[in-house]
Amino acid sequence: MGGEVGAVKKGPVEVRFVLAFPDVYEVGMSHLGLQILYNILNHVDWLAAERVYAPWPDMEEMLRSSGLPLATLESSTSLGSADIIGFTLQHELSYTNILNMLEMAGIPLMASGRDAEHPLILGGGPCALNPEPLADFFDAFLLGDGEEAILEIAEAYRTWKRQKLSKVELLRLLSAIEGVYVPSLFEIRYEENGRIAGIIPLKQGYEKVRRRIVSDLEHTSCPTEPVIPFLKTVHDRVSMEIARGCTAGCRFCQAGYIYRPVRERTPGKILEVIDTTLKNSGYEEISLLSLSTADYSCIAPLMKSLMAKYADEKVAVSFPSLRVGTLTQELVDEIRKVRKTGFTLAPEAGSERLRQAINKGITEEDLLLNAFSIYSAGWRVIKLYFMIGLPTETMDDVLGIAELGKKVKTQGKKAGNGGDVNVSVGSFVPKAHTPFQWEPQISYENILEKQQFLRRELKIRKLNFKWQDAPLSVLEGVFARGDRRLGAVLLKARELGCRFDGWGEHFDFRKWQDAFAAVGIDPLFYHRRREFDEILPWDHLDCGVTKDFLYGEWEKSLSGSATVDCRNGSCTGCGVCDFKEVKTRLAGEHALPDCSSSHFRSAESECRQTEAAQRVRLRFSKVGPMRFLGHLEMLNLFIRAVRRAGIPIRFSQGFHPHPKFSFATALSVGVESMAEYLDMEIASGYSAARVREGLNAVLPEGMEILESAEIPLRSESLSTIMDRVRYRVSLPSGLINSLPLLVERFLALNKFVHRREKQGKTIEIDLRNELYELHAADNVLEMVIGRGKPLEFVSAITGLTGSELNGLKIEKLEVIFKSEPVGEFSGGSRLADSGI
Ligand code: SF4
């Protein structure tokens, strides 16, 4: 649909930059990186940033069968007409979706098959640090932070476009930008045994590409007007990145190496951004993002400030990641004040020995203490995350997972609060740019064996078990350390129909096995141990951490020696910092603003403190693309619109307070309406006219409050006083020849019994008896009905069924109430009379 609040629609511009997310909308809209770039690009007047997501297979089928190309949400621009398409590479299992999206747009898949007339295809995100399996399809990749480089790329593109230069010139211009990797400027040679013989740079001075690092996060752009989805997405909340980078030094964790050093935003900046974003979005939840949120240097005071400021407004604060050992009692006490959003702890390995080998510097004692505090604070379930297949792992370590889970469960009993434990187990995949990049990957058979063992051991201990499917890890491992030759496998897999490989219901291991066999590549070649003197496919891509440092870390893993976190001043020499611009930046020394003062309390929360309430009745329209919003989505839209408009809505009592809204009825999806009704309870002293004005300023195009009135607090509910509804149905011309005759025939009937199946029951409705008025003119029907749906009447009158009813336009014109709903309310009839 597009058209979300916060979406930016621009007219003609010099450069149209499509941000493409190779997974569904619900996942893509939860991704902060895309929102950051969208915001930065759209602030430039000669640029338009637009979005596209991978269509789910049913949508893909519709697009293909209608001959429609994949297009952007903002302006329906076909991807083939865009200037630049930037894909975010979050996960190896999204690669086939990228090819599928390009193909659906009619864009040649191979970079060598595209010229200056085609869009420039860019990639970025964590997988760009080893993008070799995608090298044949992309023109360039951006390694590292995008905030500054994205504008430089767009600027270079504009210069090139204005000068009408060749594609070769464009690639040359891009390769001059720090952090931009142009794969066609390197040639890869192979040995007979399949290993890489050499990575040959084809441009002088372009031997290595260094990751781009934004040195100071404090002064980089943060989106305060995010695009607000209508439907429920995976993370539907204010996402505030409080810090970037983590130097805890876990040896398996790629993010811990490719996002160094730690750069924190100050609490003052964080509070300011959150405040503005909440006002602009109407969100009811804040998520503090970073690789390890509780490591943020002033997390406890920040949480206190957020609580002081937002607890009254029922705004929840959540943490996506908490490292064991960083969780203090003070922090637990703060988090428990808001909604309990679930607690996940990640010991990663079951035994103390293996945790030392991976440099996960937490002891069993720390973990159990944390678990006790969490259960004592009222949480009933803790999710523990582990991995199997870590280097040096033995079956004793695997057994340790079950034993540790049991000990955590005992803490719950000790805390007197039940104590459920969900044990979630993934399979370790060695990643590029980590100390374990040379390690072999656990085999498919070994994963199954260990999962089976755990299933038994966890069952004995009455612990819940969740695991990751082995084939997904096998495939992820191939592409995570893959080289350019895998491009042929991707092409074949897409051709065989592979897509949405990260989704269990779509992943088809058989097809992948066929794809590898067809191109003659053994996937296990990529799972093997790599020699230390071997050229790795990503050796020309420099994330800043030296290979010597990684090797040193690998050696230390054998003896279980610890490497300390450098965030507190003790540099361990990884090589990322220049200690001038690029260095650890902590926020600890910055004072926090006093957030408990009334300055920080919004008008909304002040109003809500007062006791007196009043009720306001609204009539609104829902037309154009907004007709596709479902009832729950519309409810969500109003909840946020009310917050954005600062209307002092009242909440229900209880543990999960809800805003006091009530709608007349749920409108069928696809039906346009000029007569939707909503009652809301608000603090008294806020006029109905102000509610209307306030909402109209923040509602998206296609939704408008047409009337508003104050009504007595104890008025009868809308659903009780609703009697009949007037609809207009326009049939496509030529579908029915003799509509007036059919109408006449139907009106002559005494009875027309329609049977509707609902949840296994059959409901009978006498449609003739529920029909109060019926007129026909040309191909338009207008009717006033009681019970029953307009399409049921159309079918009964015309005899049309099933897909014949698809192209109909249905408009709800008026609701007729048993008594006038409120003094001045027109009930939509004036609009109906005027022919709107
Ligand atoms: S160079 Fe030193 S201070 Fe900087 S991230 Fe690496 S270990 Fe930490």
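On helix H17 (residues 509-519), Arg 510, Ala 517 and Ala 518 are exposed, where exposed means over 50% relative accessible area, buried under 20% and partly exposed in between, with a 1.4 Å probe and protein chains only. The buried residues of H17 are Trp 512, Ala 515 and Phe 516. These three cover an arc of only 95° around the axis, which puts them on the same side of H17; the arc is that of the directions from the helix axis to the C-beta atoms. The exposed residues named above lie on the other side of H17.

The model is predicted, so local features need pLDDT of at least 70 and side-chain atom pairs count only at pLDDT 80 or more, whereas totals for chains, interfaces and linings use all residues. Residues are numbered from 1 along each chain as its sequence is written, and side-chain values use heavy atoms, with hydrogens and water left out.

- Helices (H or I, at least four residues) and strands (E, at least two) are DSSP runs, numbered from the N terminus.
- In H6 (167-175), the residues Lys 167, Leu 170, Leu 171, Leu 174 and Ser 175 are buried.
- These residues of H6 span an arc of only 130° around the axis, which puts them on the same side of the helix.
- Among the elements that cover the buried residues of H6 are strand E4 (120-124), strand E5 (140-142), helix H5 (149-163) and E6.

**The six-stranded sheet**

- Six strands form an open sheet in the order E2-E1-E3-E4-E5-E6, with mixed pairing; two strands pair if DSSP finds at least two bridges between them.
- Strand E2 (47-53) and E6 stand at the edges with a single partner strand each, so one side of each is left without a neighbour in the sheet.
- Strand E1 (residues 15-21) and strand E3 (residues 84-88) run parallel and are joined by four bridges; Ala 20 has Phe 87 in E3 as its bridge partner.
- H5 lies across E1, E2, E3, E4, E5 and E6 and runs at about 135° to E1; axes are lines fitted to C-alpha atoms, for helices over the stretch in contact, and angles run from 0 to 180 degrees between N-to-C directions.
- H6 lies across E4, E5 and E6, at about 25° to E4.

**The four-stranded sheet**

- A further open sheet consists of four strands in the order E15-E16-E17-E18, with parallel pairing.
- Strand E15 (343-348) and strand E18 (464-467) are at the edges, each with a single partner strand, so one side of each has no neighbour in the sheet.
- Neighbouring strands of this sheet are turned by 25° against each other on average, direction ignored.
- E15 pairs with strand E16 (residues 381-388) in the parallel sense over four bridges, and Leu 345 stands opposite Leu 384 in E16.
- Helix H12 (residues 364-376) packs on the sheet and touches E15, E16 and strand E17 (420-427), its direction making about 170° with that of E15.
- Helix H13 (residues 395-414) also lies across E15, E16 and E17, running at about 170° to E16.

**Strand E20 and its partners**

- Nine of the 10 residues of strand E20 (residues 613-622) are buried.
- E20 runs antiparallel to strand E22 (residues 672-683), with nine bridges between them, and antiparallel to strand E23 (residues 703-711), with eight bridges.
- Phe 620 stands opposite Glu 676 in E22, and its bridge partner in E23 is Ile 705.

**Ligand surroundings**

- The residues around the ligand include Pro 261, Cys 566, Cys 571, Cys 574 and Cys 577; a residue is near a molecule or strand if one of its heavy atoms lies within 4 Å of it.
- The shell around the ligand has seven nonpolar, four polar and no charged residues; Ala, Val, Leu, Ile, Met, Phe, Trp, Tyr, Cys and Pro count as nonpolar, Asp, Glu, Lys and Arg as charged, and the others, Gly among them, as polar.

**Backbone features**

- Most residues other than glycine have a negative phi, and most peptide bonds are trans.
- The peptide bond from Arg 260 to Pro 261 is cis, with omega near -10°.
- His 433 has a positive phi of about 65° although it is not a glycine, and at 4% relative accessibility His 433 counts as buried.
- Asp 778 also has a positive phi, near 50°, but is exposed, with a relative accessible area of 71%.

Key. Contact = heavy atoms within 4.5 Å.
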